[in-house]
Amino acid sequence: MLIVESDRAAVEQSLGAGVLFCPGCGGELRPWGSARKRALREEGVETALVPRRSRCRSCEKTHVLLPDSCLLRRRDALVTIGKALLAKAAGDGRRVTGARLSIPPDTVRGWFRRFAAAAEELRARCWAWAHALDASLGRSHRSDRPSPTRSERSVSRWPRPPGASVRARGGDGRR
Ligand SMILES: [Zn+2]
């Protein structure tokens, strides 16, 4: 599984150009059909999603390319879950939030609990990403950063959108 941008045409272009890489071995990913159809719910409205599948030219494993509008093993769109978490931060409870987003309150409660349990890990990961993308952030708080994931280490290999700039950290972005 690999999270990619939501623009299907851009993903096709990246696959064709060989600029998407295997999360397992770093090999080049090539087009390989589609993954199974799944439901994606955004504020109560359900749509069908058929993610692209790719295959690594090196290890030959296949990987589903999940659009960044989704979260792994979540039926609800990222934007919906994000709105719920913002509502929680503003003081709303699961019932009010669920009613506003047309989501069952027990589902919203599950997001709140899962996010609370993962908050520290997410904070640390965001910090690692920030350092991978911008060396000018300095070296403070480095000791509480987790080991970078393969994705974080390979961030310097990502294609950049036109006009985007990333400040290099004087190397390949590794710690
Ligand atoms: Zn591979």
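Predicted model: local features only at pLDDT ≥ 70, side-chain atom pairs only at ≥ 80, totals over all residues.
Reader: Which secondary structure elements does the protein chain have, and in what pattern along the sequence?

Author: Count the elements, then read their order. The protein chain has six strands and five helices. Along the sequence they run β-α-β-β-β-β-β-α-α-α-α.

Reader: How many of the contacts join residues at least 24 apart?

Author: Taking contacts between residues at least 6 apart in sequence, 48% join residues at least 24 apart.

Reader: Now a single helix. What should helix α2 span, and how far apart are its end C-alpha atoms?

Author: Compare the expected span with the distance between the ends. Helix α2 covers residues 78-89, twelve residues, so at 1.5 Å a residue the helix should span 16 Å. The expected span is 1.5 Å times one less than the number of residues. The end C-alpha atoms of α2 are 16 Å apart, which agrees.

Reader: Which residues of α2 are buried?

Author: T80, I81 and A84 are the buried residues of α2. They cover an arc of only 95° around the axis, and therefore sit on the same side of α2.

Reader: What do the buried residues of α2 pack against, and which residues are exposed on the other side?

Author: The buried residues of α2 pack against β3 (38-42), α3 (94-101) and α4 (105-133). V79, L86 and A89 are exposed on the other side of α2.

Reader: Which residue takes a positive phi just after α2?

Author: That is G91, with a phi of about 105°.

Technical notes. Residues numbered from 1 in each chain as written. Helix = DSSP H or I, 4+ residues; strand = E, 2+ residues; numbered from the N terminus. Contact = placed C-beta atoms within 7 Å. Buried ≥ 20, exposed ≤ 12 C-beta atoms within 10 Å, placed from the backbone. Arc of directions from axis to C-beta.
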